[in-house]
Amino acid sequence: MKALFITFVLVLFVLTCSAQEKDTIVATDVIIQVDGEIVYGIIEEVNKEEVKYRNNLLPHEPLITLPRSLVYIISYSNNTTQIITPTFGKRKIRKTAFDENKLEDNDYEDDEENNLKYNLAHGSIKVGLGLTEDFSRIKGIEEFEKEEAFPLIHVDYQIKINRLFIAGASLGYGSNRYTYSSFSEYDQIDIYQEVNETLYSLGAFARYNIMSGFVRPYALLGLNFNYTVADNTGTIFFIDESKKVSTNTSIKGFKALLLARAGVDFHIGKKFGLYTDIGLGNSLVQLGVKFMLK
Amino acid sequence: MIYRVFILRFNLRIFTSFILILTLFSCQDKLEIFEIQRLPVFSYSLDSLNKETTDDINFYQGKTTIYEYDDGNSEVYKRYLFEAKGKTTKGNDVIINIELDIMPDGDFIGIYNPVYKFNTGGIHSFSFLENLNKETSKSYSLDNSVTSNTYLRIKRQNTSEFLILGDFFAVLQNDKDPSDKIVLSEGIFNDIYYKLN
């Protein structure tokens with residue numbers, strides 16, 4: 001009798017557990033947006049303008065509203081589907097759904113403002129240093145020694161075009177100093193030359209963000225115009241004749257330069273970040289800080 | 001609206017043209033850097049009258065080697081040939097041949113005379129050939145009576161570029177008529193490339 005009772009209790013326990021487990025399986029609807037993003041939730045309402053759903057993965061299940069224009073299709077848990085906005089293969093710009101419980105919009109990329117005026121005033125400023133002094137384009141000074149240089153400093157201003165594309169302009173400044181000293185015993189000539197090169201650069205580029213988040217890898221393509229001023233002073237001392245000849249020449253020129261770089265932004269705070277990139281341009285590697293105007 | 005689109009397209013064309021012009025005509029002058037240019041020169045005054053100059057000069061190691069007496073392995077001197085060809089200001093063809101015996105250590109710097117110095121060497125022969133293969137041809141060689149005045153000095157040697165420079169003076173006599181003498185004074189040779197065997 002006792003064994004029968006224990007068996008009954010066990011069977012009851014198992015059945016209870018099964019019933020509880022079944023209760024946790026919640027029917028989920030699937031929303032496919034026009035930009036391809038898939039959202040899971042429970043559809044609450046589909047009206048002429050909006051689609052309202054609750055995200056069943058969150059504990060408080062807030063009501064989220066999406067404009068109809070952003071919803072391509074809804075696949076209901078009862079295996080029926082409803083096309084909301086036919087796309088005909090044309091993707092639309094993603095627009096974040098309005099979340100009633102979301103009190104603060106804290107991401108630059110999630111900014112709903114896509115108009116040019118707003119973006120122009122709320123871009124980001126990057127200040128960086130070129131780590132390798134690769135910007136010199138002066139020919140004929142291969143045998144010169146580089147003595148000291150002001151590292152190439154870049155200031156970029158970037159504005160958002162859409163979620164992934166950014167356009168920007170950059171200003172750069174750098175200087176190099178080269179010296180050449182040679183004494184020829186055979187010719188009895190002592191030569192000293194010094195070249196001071198100053199570079200100003202102006203560039204424009206388009207940048208593609210590969211992903212969003214704390215770490216934001218990107219690739220950018222553009223064109224730099226460098227204006228270079230180089231002053232060359234030199235003296236030749238003819239030892240045999242005790243004669244010294246001094247020269248002073250200057251060249252100015254500009255050069256167009258392809259800008260193709262890949263790098264990473266680290267968004268440390270809402271308004272501050274670090275970045276580094278590598279590629280073609282005035283310097284091989286750049287390292288700097290980023291300030292977001294928002 | 002159509003007007004605005006036209007203006008936009010027009011501006012885009014100007015902008016694109018500007019970029020293209022900048023890209024295509026990017027320029028940067030080459031900076032003027034001091035360079036030493038080599039210019040071989042061989043010049044002298046003939047009888048203190050005319051300054052004769054030529055740039056057709058060869059200085060090379062000959063096939064002759066002078067060995068120590070009774071020791072075929074100990075080199076004393078190597079023979080080098082100095083040839084300068086040109087025309088005098090009077091229009092005569094001239095060939096100057098100088099044979100120098102130089103120590104085999106490769107250091108050419110020194111003063112060479114017809115009277116040899118053991119540690120330097122000397123001038124084996126010095127000839128001045130005028131209008132060779134013509135009826136008016138003349139040949140001059142060292143005047144043995146005043147050999148002490150004749151010299152050739154290699155002042156400097158550039159072993160990396162194989163160059164020598166120096167000066168010379170010579171008193172020569174006609175091979176057929178010893179009373180006919182010529183003097184090569186203020187002789188200078190500069191940036192002469194030498195060949196080693």
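1. In chain A, Ser242 (A:Ser242) sits in the loop that links strand S12 (215-238) to strand S13 (243-267). Strands here are DSSP runs of E, at least two residues long, numbered from the N terminus. A:Ser242 is not a glycine, yet its phi is positive, about 50°. A:Ser242 is exposed, as 7 other C-beta atoms lie within 10 Å.

2. The model is predicted: local features need pLDDT of at least 70, side-chain atom pairs count only at pLDDT 80 or more, and totals for chains, interfaces and linings use all residues. Residues are numbered from 1 along each chain as its sequence is written, while chains are lettered from A and ligands numbered from 1 in the order in which they are written.

3. B:Ser48 also deserves a look. B:Ser48 lies in the loop between S1 and strand S2 (50-54) of chain B. The phi of B:Ser48 is positive, about 60°, although the residue is not a glycine. B:Ser48 counts as exposed, with 10 C-beta neighbours inside 10 Å. Most residues other than glycine have a negative phi.

4. Strand S11 (residues 181-195) of chain B runs antiparallel to strand S1 (residues 41-46) of chain B, joined by five bridges. Pairing requires at least two bridges found by DSSP between two strands. B:Phe42 has B:Phe189 in S11(B) as its bridge partner.

5. S11(B) also pairs with strand S10 (residues 163-174) of chain B, antiparallel, over nine bridges. A hairpin of six residues connects S10(B) to S11(B).

How values were computed
Helix = DSSP H or I, 4+ residues; strand = E, 2+ residues; numbered from the N terminus. Buried ≥ 20, exposed ≤ 12 C-beta atoms within 10 Å, placed from the backbone.
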